[in-house]
Amino acid sequence: QQGYMKIRKQDVDWEKEYKTAKDKLWEKKAHTYSRLATRYVKNGKVLDVGSGEGYDCFYFAKNGYEVLGIDISKTVIENMLARAKIFNLKIKGLVRDISKSKITSRYNIIVSYGVLQFLGSKFKEHISGLKNITLPGGVHSFYIFGNKGDFYKLAKHRFYFLSEKELKKLYLDWKILKFSKKNTRLLIQGDKGEVLYNLMFKILVQKTRQLFGR
């Protein structure tokens, strides 16, 4: 089935996956929480961490935002930028391993969907860094795998799966605009082709202007 990858003992080679894929690997439209983010931040700069094919980047750019997408795959970034050029969209792209990158520019919206677990032991450090580069009134829109389910059991020794309590604690100083959790079917399969499910947190949070005046 197109769009599905197997979880193996070693990490997925994303460059190979994107290069050999017969079809797009992920959803072909912006995530719901990206659309929600634009209700709270009407313009400005957007960072998409692990942008993949760039559907969220295209959505933001079409709505007038200045967008940077970063991904570990050179192929997927090149494809995204080529499409952006065709449609004359203001999108930049960088090939980066998020676990080894430090971002210093400041943003109004930061989004990331199903990617942040790859930060591993550096998860909390990087979240703190993303909070620091977010402008007052800015938002984070994340889909994050939780610590219950098939993916967690298979990869907890390599990736970071946090609890609901941990996630909300990370944003005690921000305003939670929307939060949901669901046992979600993954777009990946087990080694034997079995269907996998895992707890997924969806969170939209805002950096309050009252607490952060700079």
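Biologist: Thanks! To begin, which helix is the place of His-126 in?
Modeller: This is a predicted model, and in it His-126 belongs to helix H5, which spans residues 123-132.

Biologist: What makes His-126 buried or exposed?
Modeller: Its relative accessible area is 16%. Buried means under 20%, so His-126 is buried. Setting aside neighbours within four places in sequence, His-126 is in contact with Ile-98, Ser-99, Ser-101 and Leu-119.

Biologist: What pLDDT does the chain average?
Modeller: The average is 86, and 84% of the residues score at least 70. Over residues 1-10, though, the pLDDT is below 50; that stretch still has 34 contacts in the model beyond near neighbours in sequence.

Biologist: Now the rings. How many aromatic pairs does the count come to?
Modeller: The count comes to 12 aromatic pairs. One of them joins Tyr-33 and Tyr-143.

Biologist: What does the pair of Tyr-33 and Tyr-143 tie together?
Modeller: Tyr-33 lies in helix H2 (residues 32-40) and Tyr-143 in strand S6 (residues 134-149), so the pair ties together parts that are 110 residues apart in sequence.

Biologist: How do you know whether Tyr-33 is buried or exposed?
Modeller: Tyr-33 has a relative accessible area of 4%, so against the cut-off of under 20% Tyr-33 is buried. Tyr-143 counts as buried too, at 9% relative accessibility.

Biologist: Which residues form one aromatic cluster?
Modeller: That cluster is made up of Phe-118, Phe-145, Phe-151, Tyr-152, Phe-159 and Phe-161.

Biologist: On to charges. How many salt bridges does the structure hold?
Modeller: It holds six salt bridges. Among them is one where the side chains of Lys-124 and Glu-166 meet.

Biologist: What makes the meeting of Lys-124 and Glu-166 a salt bridge?
Modeller: The N to O distance is 3.4 Å. The rule asks for a nitrogen of Lys or Arg within 4 Å of a carboxyl oxygen of Asp or Glu, so Lys-124 and Glu-166 meet in a salt bridge. Lys-124 lies in helix H5 and Glu-166 in helix H7 (residues 164-170), so this pair ties together parts that are 42 residues apart in sequence.

Biologist: Which residues are linked with Glu-164 in a network of salt bridges?
Modeller: Lys-168 and Lys-181 are linked with Glu-164. Lys-168 meets Glu-164 at 2.8 Å, N to O; both lie in helix H7, four residues apart, about one turn of the helix. Glu-164 also meets Lys-181, at 2.6 Å, N to O. Lys-181 lies in strand S7 (residues 175-189) and Glu-164 in helix H7, so that pair ties together parts that are 17 residues apart in sequence.

Biologist: Where does the charged end of Lys-168 sit?
Modeller: It sits over the ring of Phe-179, 4.4 Å from its centre.

Terms used: Residues are numbered from 1 along each chain as its sequence is written. This is a predicted model: local features need pLDDT of at least 70, side-chain atom pairs count only at pLDDT 80 or more; totals for chains, interfaces and linings use all residues. Side-chain values use heavy atoms; hydrogens and water are left out. Helices (H or I, at least four residues) and strands (E, at least two) are DSSP runs, numbered from the N terminus. Buried means under 20% relative accessible area, exposed over 50%, partly exposed in between (1.4 Å probe, protein chains only). Contact means heavy atoms within 4.5 Å. pLDDT is the predictor's confidence in each residue, from 0 to 100. Rings of Phe, Tyr and Trp (its six-membered ring) pair if their centres lie within 6.5 Å; planes under 30 degrees apart count as stacked, over 60 as edge-to-face and the rest as tilted. A charge sits over a ring if NZ of Lys or CZ of Arg is within 6 Å of the ring centre and within 35 degrees of the ring normal.
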